[in-house]
Structure formats: structure tokens, C-alpha cells
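This briefing is meant for a reader who has not seen the structure before.

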Amino acid sequence: MNGVHGQQVMVEQYRHPDEFPVDVQRLFLEAEKISIELGPAWFRNLIDTVYPLDRGVRFYVLRHGGRPVAALPLLVAAQWGGKQIRSLANYYSALFAPVLHTTVTAKDLVPMLKAIVADEGPVESFRFVPMDPESTSYQRLREALRMAGLVPFPFFSFGNWYLTVDSDWAQYLANRKGTLRNTIKRMGKKFAAEGGSLEIVQGPEALDRAIEAYEQVYACSWKVPEPYPTFVPELIRACAQSGWLRLGIARLEDKPIATQVWIVANGKASIYKVAYDEAYKQYAPGTLVTGLLMEHVLNQDGVAEVDYLIGDDKYKQTWMSHRRERWGILAFNPLNLRGLYGMTREVAGRSMRRLSTKLRSTFPKREISHGSTSGQSKGTDRASAD
């Protein structure tokens with residue numbers, strides 16, 4: 001069919017990065033320069049370790065004049081009354097975006113979205129998350145969904161703490177709180193005196209032993225067991241092969257007691273996995289490994305940003321300098337009965353939340369003393385007091 005600017009528009013579908021022709025592979029490799037989570041290595045590992053038998057995996061690719069210019073990695077879930085289509089991402093994913101050539105507009109994406117609805121129909125909804133709400137790709141996808149006849153709603157996903165690097169390690173540490181500096185200095189001496197050692201594994205050398213150390217520490221940590229136990233080890237291998245891996249390990253008399261997986265690519269260090277053995281928390285091994293890796297990425301790798309990825313955990317503020325948010329887009333198909341129902345519920349829910357917020361601002365809540373007739377002064381609302 002004819003598309004924008006009179007160019008021929010074609011929409012293709014693939015099930016795995018190994019199926020990509022060379023030009024589509026190049027498109028994803030360009031996206032990988034923005035984030036490794038948009039590249040073929042990431043999706044290959046995600047599919048092979050999490051969705052190997054899922055028949056809903058899709059990569060829709062848009063071609064203009066024979067050239068691939070956009071792609072949407074998707075997961076299609078069939079259910080009664082209408083399919084739900086979501087981004088090919090899960091809790092391992094800190095960022096998702098459509099893969100776009102710089103020249104692609106929202107209008108250009110409409111034929112691909114319409115082709116997806118036609119191929120997968122009946123379609124109830126689309127859900128894309130987690131995304132950068134300030135990015136061009138987020139804005140273009142949201143507008144394209146609307147232009148394709150869908151009704152999009154933005155929603156908050158999670159907070160993201162990060163560090164804008166403007167100094168070397170020494171100056172960075174001098175700008176941190178005194179408690180952090182003291183912990184690193186005091187525990188570092190104690191740890192070394194009692195036979196402790198710190199190391200960073202980057203390449204294939206000693207990689208199997210490093211992965212074994214990671215898995216051993218993770219099993220002894222506070223974290224729940226991984227539902228897909230091969231995802232992180234295979235991610236570590238892929239990152240080592242590409243030169244992205246920075247795997248920090250703290251050992252006490254050769255026993256691993258803390259590990260962290262950092263990924264360094266495109267001038268950014270991403271703190272992907274952290275764990276320590278709680279039996280050795282008196283050494284603050286997690287802090288020591290973070291300090292080790294932070295010094296390395298600042299002084300050796302020369303990154304411009306360090307990213308703590310998913311969540312507003314309070315400890316992240318100790319190391320980071322800024323906070324941003326990741327959002328999502330939920331778009332309903334009003335031509336589908338379940339989609340229309342979902343859209344109606346979404347509109348009603350948002351209206352009720354706005355009304356509730358307005359009422360709270362108009363009539364501030366006051367703490368009321370129950371079970372006592374004695375005069376007590378009214379306190380501040382507990383939520384704001386905390």
C-alpha cells in the first residue's frame with residue numbers, strides 16, 4: 001500500500017532476533033546504542049530464557065521504500081473477547097521503547113499499528129511499559145495510537161534514581177554524606193584485615209566462577225528465588241562477550257558474600273543486580289562492592305551517568321543525585337466490546353481519582369481522637385506527617 005510521502009509501506013513480522021534480515025538487525029543495533037534493552041542481544045536472551053515456548057512473541061517491522069524504519073517488539077496474549085498486546089518486557093526490563101529511525105513521525109507509525117490490529121484481531125488493548133515519558137519515542141507512539149483509532153492513557157510505572165557524573169571518584173566521594181565515607185573506610189579496613197578481597201570480572205576469563213559466585217550469594221540473600229533462573233547468568237555471558245560487564249564480587253576467605261552486576265554501555269553504567277549474604281552484613285559488603293564499582297566506572301570507564309534503574313528504594317538516594325520517572329501507555333480499542341468496557345472503566349476511575357484529589361485539597365483531612373472525650377488538639381494528617 002502507499003504510505004507517507006508516497007513511499008511504499010510494508011509491515012513484516014518476526015518471532016526471534018535470529019530471524020532478522022541484515023537490515024533489520026542493523027536497525028536494532030542502532031537502537032542498542034540508546035539502550036542495550038532495545039538491542040537484539042537483550043531480546044534474544046529474554047525470549048530464550050523467559051518466553052521460549054510463548055507463541056505470542058512478535059517483532060513487527062515497518063518498511064518505507066523497502067528500508068526498515070520502525071519496529072515494535074510485542075507479546076500477544078489471547079483471551080476471550082479480545083487480545084491484549086503488550087511490550088515485550090517484564091520485571092527484568094528497566095526501559096522499553098519502539099525502535100525508530102530518527103525521521104519517523106507518529107503518522108508514519110499508523111500503518112504498522114493498523115496492521116497489528118488486523119493481523120491479531122480481535123484486539124482489546126495495547127500496553128507499553130516501562131518508557132521514558134520525556135522521550136520522542138514515547139510521544140510519537142502515544143500520538144500514533146490515537147491516530148490509529150485507539151484511546152491511549154498514560155500511567156506511572158516507577159521512580160528511577162540516577163547520577164549525573166561531573167567528577168572523578170575522589171571528588172564524588174567527598175560530596176557524599178560522611179556516614180558513607182566512614183563506612184567505606186572503616187569497613188574496608190576491617191574486611192581486608194580479616195581476609196576479605198574485592199574484584200571486578202569483565203571478560204570471559206573466570207566468568208563461570210564469577211557466575212557461580214553470583215548465584216551462591218543470591219541464594220543466601222534476602223531476595224526471592226528467580227522464576228527464570230537462567231536469565232541473569234545468560235545476560236552476564238552476553239554482556240561479557242560485548243564488553244559491557246562489570247561484575248563486582250566481595251569474598252571473605254574465598255567465600256563470596258556480596259555480588260553486583262553492573263552493565264556499562266553507551267556512556268552509562270546501569271546497576272542491574274545487587275545481593276549480599278545476610279550472614280555477613282556486619283562488614284557492609286554491599287556498600288564495599290558498590291564503592292568498588294563506582295570508583296571503576298567513574299575513573300576507568302569515564303561514564304557520564306550511573307543508573308540505579310527500577311524503584312524508589314531509599315538507599316539509592318545515598319549514591320545517586322537525581323530522580324526521574326518511567327511511565328507507560330495503556331490504549332484501548334473502542335471498536336472491541338472488551339476494549340470499550342475497559343476504556344469506560346479507565347475514564348471512570350480517573351475521574352473518581354481527580355474528584356477525590358480535589359475533595360482532599362478542598363477539605364483537608366484532620367486526625368480525630370476516637371474513644372476519648374478529653375480535649376485533644378487536632379494533629380496533622382498522618383500521611384503528610386510521615
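**Cysteines and overall layout**

Cys-239 is buried, its relative accessible area being 1%. Cys-220, by contrast, has a relative accessible area of 34% and is partly exposed. The model is a predicted one, and a search of the whole structure finds 0 disulfides.

**The chain as a whole**

- The chain contains 12 helices and 13 strands.
- Of its 386 residues, 48% are buried.
- Along the principal axes, the C-alpha atoms fill a box of roughly 75 × 70 × 40 Å.
- Among contacts in the chain with a separation of 6 or more, 74% are between residues 24 or more positions apart.

**Helix 7 and helix 8**

- Helix 7 covers residues 207–220 and helix 8 covers residues 231–242; the two pack at an angle of about 145°, and their axes are 11 Å apart.
- Their crossing is right-handed.
- On the helix 7 side, the contact is made by Leu-207, Asp-208, Ile-211, Tyr-214 and Glu-215.
- On the helix 8 side, Val-232, Pro-233, Ile-236, Arg-237 and Ala-240 make the contact.
- Sorted by class, the contact of helix 7 with helix 8 has 7 nonpolar residues, 3 charged residues and no polar ones.

**Salt bridges**

- The structure has 22 salt bridges.
- One of them joins Glu-120 and Lys-83, with the closest N and O atoms 3.8 Å apart.
- This pair links distant parts of the chain, as Glu-120 is in helix 3 (residues 106–120) and Lys-83 is in strand 4 (residues 83–87), 37 residues apart.
- Glu-120 counts as buried because its relative accessibility is 3%, under the 20% cut-off.
- Asp-132 and Arg-326 also meet through their side chains in a salt bridge, at 3.7 Å from N to O.
- Asp-132 is partly exposed, at 25% relative accessibility, whereas Arg-326 is buried, with a relative accessible area of 6%.
- Glu-346 and Arg-350 form a further salt bridge, in which the closest N and O atoms are 2.8 Å apart.
- Glu-346 and Arg-350 are 4 residues apart in helix 11 (residues 337–362), and are therefore separated by about one helical turn.
- Both residues of this pair, Glu-346 and Arg-350, are buried.
- A network of salt bridges links Lys-268, Glu-305, Asp-307 and Arg-324.

- Arg-323 is placed in strand 13.
- With 36% relative accessibility, Arg-323 counts as partly exposed.
- Leaving aside residues up to four places away in sequence, Arg-323 touches Phe-156, Gly-159, Asn-160, Trp-161, Tyr-162 and Asp-312.
- Arg-323 and Leu-163 are 160 residues apart in sequence, while their C-alpha atoms are 8.6 Å apart in space.

Definitions and conventions:
Residues are numbered from 1 along each chain as its sequence is written. This is a predicted model: local features need pLDDT of at least 70, side-chain atom pairs count only at pLDDT 80 or more; totals for chains, interfaces and linings use all residues. Side-chain values use heavy atoms; hydrogens and water are left out. Axes are lines fitted to C-alpha atoms, for helices over the stretch in contact, and angles run from 0 to 180 degrees between N-to-C directions. A crossing is left-handed if the near helix is turned anticlockwise from the far one by less than a right angle, and right-handed if clockwise. Contact means heavy atoms within 4.5 Å. Ala, Val, Leu, Ile, Met, Phe, Trp, Tyr, Cys and Pro count as nonpolar, Asp, Glu, Lys and Arg as charged, and the others, Gly among them, as polar. A salt bridge is a side-chain nitrogen of Lys or Arg within 4 Å of a carboxyl oxygen of Asp or Glu. Buried means under 20% relative accessible area, exposed over 50%, partly exposed in between (1.4 Å probe, protein chains only). A disulfide is a pair of cysteine sulfur atoms within 2.5 Å.
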